[in-house]
Amino acid sequence: MTNAIENGRTQIANAFANALQTKTAALMPYYTLGYPDRETSLNIVASIAADSDLLELGIPFSDPLADGPTIQHSTQVSLENGTTVAACLDMVRELRQRGVQTPICLMGYYNPMLAYGLERFVQDAKSAGAQGFIVPDLPPEEAAELADLAAGAGLAYIYFLAPTSSMERIDQVSQQAQGFIYLVSVTGVTGAHRSFHAGLAEFVERVRAHAAVPLAIGFGIATPDHAASVAQLADGVIVGSALINAVNAAEDKPAAAATFVQSLRTALDN
């Protein structure tokens with residue numbers, strides 16, 4: 001696992017390159033660490049890793065402003081279980097010990113990272129086996145310290161762009177981007193939606209004209225058909241709320257998660 005830890009940005013780049021070689025989009029499920037409890041969340045992530053090109057693992061926070069009801073609920077339950085930043089890093093470490101090799105991007109909000117200590121957080125995340133960070137409430141103008149620490153550790157700091165982003169913001173993010181750019185498919189919070197922003201295809205092409213890194217689309221992807229549609233536009237597909245909904249509806253939660261992610265994988269590969 002040493003090589004993967006030391007070359008986090010390379011691991012992310014390779015995940016997208018490998019997907020491109022097989023003429024498909026990279027699949028990146030999101031799951032909240034510690035939900036509905038620590039052991040179940042580990043079993044769920046382990047069950048979906050083989051069919052995933054990357055994993056986005058959520059660090060729970062009390063005010064997840066970018067997330068809709070499904071992920072809000074999962075993070076609240078995880079917090080009530082006592083899940084901390086340190087506990088999340090321990091879970092990443094345990095997943096690596098279990099043999100999960102899929103690149104991991106930790107998704108969380110800035111305040112817990114700042115309270116933990118940014119330099120310590122980056123180094124501990126690297127040591128645990130993470131490859132990058134996704135921080136929805138840290139805009140490019142404020143992200144330099146964390147992004148520089150990540151880069152210095154060989155890890156990726158992932159920036160967001162939305163359909164409402166100005167050309168100035170697109171230029172700025174494209175110049176600073178590491179790993180990939182997270183494109184938001186809707187104007188709103190996370191959650192399973194019936195439709196995407198009307199100008200999504202044009203938005204993706206606008207960003208692609210400026211960006212040198214892969215583009216992954218998230219927010220609102222609810223079904224395998226949605227995933228296949230988005231895969232025609234972007235290099236990566238991110239699915240979160242729909243996965244958690246599938247888990248919530250099942251008694252055997254790891255099996256349900258595996259089945260749902262397999263259905264996404266099949267849709268992308270076809």
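Biologist: Which residue in strand 2 does Thr32 stand opposite?

Modeller: Thr32 stands opposite Gly58. Keep in mind that this is a predicted model.

Biologist: How do strand 1 and strand 2 pair, and over how many bridges?

Modeller: The pairing is parallel, with three bridges between strand 1 and strand 2, the latter being residues 55-58. To get from strand 1 to strand 2 the chain goes through helix 3, residues 38-48, in a right-handed β-α-β crossover.

Biologist: And which residue of strand 8 is the bridge partner of Met28?

Modeller: Ile238 is the partner of Met28. Strand 1 and strand 8 (residues 236-239) run parallel and are joined by four bridges.

Biologist: Why is strand 1 largely enclosed?

Modeller: Strand 1 covers residues 26-32, and seven of the seven are buried, so the rest of the structure largely encloses it.

Biologist: Which of its side chains point which way?

Modeller: In a regular strand, side chains alternate between the two faces of the sheet. In strand 1, Ala26, Met28, Tyr30 and Thr32 point one way, while Leu27, Pro29 and Tyr31 point the other way. Residues on both sides are buried.

Biologist: What do the strands form overall, and in which order?

Modeller: Eight strands form a closed barrel in the order 1-2-3-4-5-6-7-8, with parallel pairing. From one strand to the next, the twist averages 25°.

Biologist: Take the other side of the order, then. How many bridges join strand 6 to strand 7?

Modeller: Four, and strand 6 and strand 7 run parallel. Leu183 has Ile217 in strand 7 as its bridge partner. On the strand 5 side, strand 6 (residues 181-184) pairs with strand 5 in the parallel sense over three bridges. Tyr159 stands opposite Ile181 there.

Biologist: Are the residues of strand 7 buried or exposed?

Modeller: Buried, all of them. Strand 7 is residues 215-218, with Leu215 and Ile217 pointing one way and Ala216 and Gly218 the other way.

Biologist: Helices now. At what angle do helix 4 and helix 12 pack?

Modeller: About 60°, with the axes 9 Å apart. Helix 4 is residues 69-80 and helix 12 is residues 241-248. The crossing is left-handed.

Biologist: Which residues meet there?

Modeller: From helix 4, Thr70, Ile71 and Ser74 meet Ser241, Ile244 and Asn245 of helix 12. By class, this contact has two nonpolar, four polar and no charged residues.

Biologist: Which residues of helix 12 are buried?

Modeller: Ser241, Ala242, Leu243, Ile244 and Val247. The buried residues of helix 12 pack against strand 1, helix 3, helix 4, strand 8 and helix 13, which is 253-269.

Biologist: Single residues next. Where does Val85 lie?

Modeller: Val85 lies in helix 5, residues 85-97. With a relative accessibility of 10%, Val85 counts as buried. Leaving out residues up to four places away in sequence, Val85 touches Ile59, Pro112, Tyr116 and Phe121.

Biologist: Where is Ser165, and which residues does it touch?

Modeller: Ser165 sits in the loop between strand 5 (156-161) and helix 9 (167-176). Beyond four places in sequence, Ser165 touches Ile170 and Arg206.

Biologist: Why does Ser165 count as buried?

Modeller: Its relative accessibility is 16%, and buried means under 20%, so Ser165 counts as buried.

Biologist: Last one: does Ala212 count as buried or exposed?

Modeller: Exposed, at 77% relative accessibility. Ala212 lies in the loop between helix 10 (200-208) and strand 7. Ala212 and Phe180 are 32 residues apart along the chain, and their C-alpha atoms are separated by 8.8 Å.

Methods: Residues are numbered from 1 along each chain as its sequence is written. This is a predicted model: local features need pLDDT of at least 70, side-chain atom pairs count only at pLDDT 80 or more; totals for chains, interfaces and linings use all residues. Side-chain values use heavy atoms; hydrogens and water are left out. Axes are lines fitted to C-alpha atoms, for helices over the stretch in contact, and angles run from 0 to 180 degrees between N-to-C directions. Helices (H or I, at least four residues) and strands (E, at least two) are DSSP runs, numbered from the N terminus. A crossing is left-handed if the near helix is turned anticlockwise from the far one by less than a right angle, and right-handed if clockwise. Contact means heavy atoms within 4.5 Å. Ala, Val, Leu, Ile, Met, Phe, Trp, Tyr, Cys and Pro count as nonpolar, Asp, Glu, Lys and Arg as charged, and the others, Gly among them, as polar. Buried means under 20% relative accessible area, exposed over 50%, partly exposed in between (1.4 Å probe, protein chains only). Two strands pair if DSSP finds at least two bridges between them. A crossover is right-handed if, with the strands pointing away from the viewer, the path from the first strand over the helix to the second runs clockwise.
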